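The following exercises ask the reader to examine a structure step by step. Please study the sequence and the model before reading each solution.

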Amino acid sequence: MNQAIENSIEPVLDVRSLCVDFDTKRGPVRVLDDISFSLNAGSTLGIVGESGCGKSMTALALMGLVPSPPGRISSGEILLHGENLLEASKKRMRALRGDKISMIFQEPMTSLNPVYTVGNQVAESIIYHQNVTKEEAREQVIELLRSVQIPAPERRIDEYPHQLSGGMRQRVMIAMALACEPLVLIADEPTTALDVTVQAQIFELLLEIQKQRNIAIILITHDMGAIAELADDVVVMYAGHKIEEGSTIEVINDPLHPYTQGLLRCMPDIGEDDSEVRQPLFEIVGNVPDLANRGAGCPFAPRCTARVDECSTLPETQLLKDGRRVKCWRPQSTMPMPEVTAS
Amino acid sequence: MGSKYHDKVISDPLVSGDGEAVINVPIEGWRETFSMFCGNFVAVMGALGIIIVILVSIIGPIILDADPFEMVGTPLSEPFGEFLLGTDYLGRDVFAGIVYGAKPTVLIAISSTLITVVVGLSIGALSGFYGGWIDNVLMRITEFFQVLPSIVLAMVLVAVFEPGLISIIFAIGITHWTSLARLTRAEFLRIKERELVLAQRAIGATNMRLIWRVILPNALPPLIISMTLTVGICILFEAALSFLGLNDPDTITWGLMIGLSRDFFFEAWWTVTFPGLAILLTVLCIALIGDGLNDALNPKLRQR
């Protein structure tokens, strides 16, 4: 804990201009372009964006698990506690993974090993990193399962993954990730495969664990609601670029990038409906561009309603007040975007 | 099985009053597998069959004082008469042949299957897991062995070394691992893409651990079936080699008996049928064991 308090001054995790390339037959394709963010102990960073925009790749890069070949981290720095993970040896990286930085996955159904009991799997994570006997590990596992609110952990520990419900499995995954008191926990769409009530429970659990252990959480999701509820800061990604960054409250109340504005308008609004006619849900027309044949300009330009001539060149990241950053030539401050006339 | 499992869970001691957790002794995985296996009637029959074969191969020659190569009666005498299973074209007792042939046959089958499993699993696992140039090299080697007619390769191997039990086992093992290697590779390619492997990496698992403790157990079901079938194939292959005179002629095996008597198949059916039945039943028992093991090792089927 003392260590954690010391770190609260300096960021636990500092990512600086991270670039990831995939080598294809037609040449390298940049899937992550100049991603930077930092994270303090006890805080939550949300990463949002639609499918294929590089959210999960960011997570894998942080874990040192970019599929290679064809992927490779071409430049940048990932500083965990001041230690550059990109310069760490494979052995060191393996020791850090699951110990100092750990991850939970989208699908609790497929990320647990069906042939071992859940206790066995959680214990493995402890045995890898700590010098403990099997009996000690077992006791620790029971405590861990209790801390992720699994009822009757003494019994559950000997059950197999298929005997647990989806929510329980995700709790087991969380227990595995927490086994060694990590500094950073990456949650890659932890609730996508779960139903809404269980989602709420899992988020609640993550918050509570964060409060108890003062860990930093990176929450990757496409659910703006989850971001609003959990994250302190948010990074919006599009086609491998970080297009907007800022504190959650500000980004949600006053999104500056047209893409962020679009994302927020895509959320269904449940409230009293005075109008007789139901409004169709907003849609950002088009798809994420093919990263291999993307023009030089702003990656979002082809779908942007506020497109201007300047958008054919890549915008600089503008640093605004309160640490907000936006990668757009014409950041617009008005929340609902009616027709924007290009001047 | 369902109710039995349930009872066990309910009777488990939970947390005791003073807050000190009563840690249960973990249920021994092997014991559970064993009890599951014993609940499978067919598999137990298979196991019994194999135990009988092994007992016969060990104790048979001690109890039955005979020489399977000795001419003891009229050639081609019918079974269930003076001789239980009749005699062959030289008047040798077929029953004695089966009893004495059990040991070399089983020994050859099991040992060569073991070689097959060790070589096939290792090559398939390494090649499927690492991919890239390792996969390329290992698969080219596998193809080299697949392309050569196995009987020719085995003949060369046995001829180079001295014909005998060891060289036969070696020759059969070396020529039969390829299909298991390919199957293992295919399973590894399929399973290594699954999220559970990524999740294991994320908690810091080493490659060796991923191969042997994570992917292999998940790949086992089709591999076990393939291994049990290999035992049968090995027995038959040994028969072929014996028939070609490549086994030690002083060692009687079931395959040798069939090979020697094949010309008398229509005149004296018993000379080939009984050794053939012995092979069939042994292979069947092994297949049943394999099937039972497969179910017993699968946690999903344990509670059914």
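**Exercise 1: a helix and its surroundings**

The buried residues of α6(A) pack against α5 (118–129), α7 (153–156) and α8 of chain A. This is a predicted model, in which local features need pLDDT of at least 70 and side-chain atom pairs count only at pLDDT 80 or more, whereas totals for chains, interfaces and linings use all residues. Residues are numbered from 1 along each chain as its sequence is written, and chains are lettered from A and ligands numbered from 1 in the order in which they are written.

Task: determine which residues of α6(A) are buried and why they line one face of the helix.

Step 1. Helices (H or I, at least four residues) are DSSP runs, numbered from the N terminus. The expected span of a helix is 1.5 Å times one less than its number of residues. For the 14 residues of helix α6 (residues 134–147) of chain A this gives 20 Å, which agrees with end C-alpha atoms 20 Å apart.

Step 2. A residue is buried if 20 or more other C-beta atoms lie within 10 Å of its own, and exposed if 12 or fewer, with C-beta atoms placed from the backbone. In α6(A), the residues A:A137, A:R138, A:V141, A:I142, A:L144 and A:L145 are buried.

Step 3. The arc is that of the directions from the helix axis to the C-beta atoms. Down the axis of α6(A), the buried residues fall within an arc of 165°, so they line one face of the helix. On the other side of α6(A), A:E135 and A:E143 are exposed.

Step 4. After α6(A) comes A:Q149, with a positive phi near 60°.

**Exercise 2: a residue of chain B**

Step 1. B:I172 lies in helix α7 (residues 165–176) of chain B.

Step 2. Two residues are in contact if their C-beta atoms, placed from the backbone, lie within 7 Å.

Step 3. B:I172 and B:L241, 69 residues apart in sequence, are 9.3 Å apart in space, C-alpha to C-alpha.

**Exercise 3: where the chains meet**

Task: state how many residues of chain B are in contact with chain A, and which helix supplies the largest share.

Step 1. On chain B, 25 residues are in contact with 31 residues of chain A.

Step 2. The largest share of the side of chain B that touches chain A, 6 residues, comes from α9(B).

How values were computed: Helix = DSSP H or I, 4+ residues; strand = E, 2+ residues; numbered from the N terminus.
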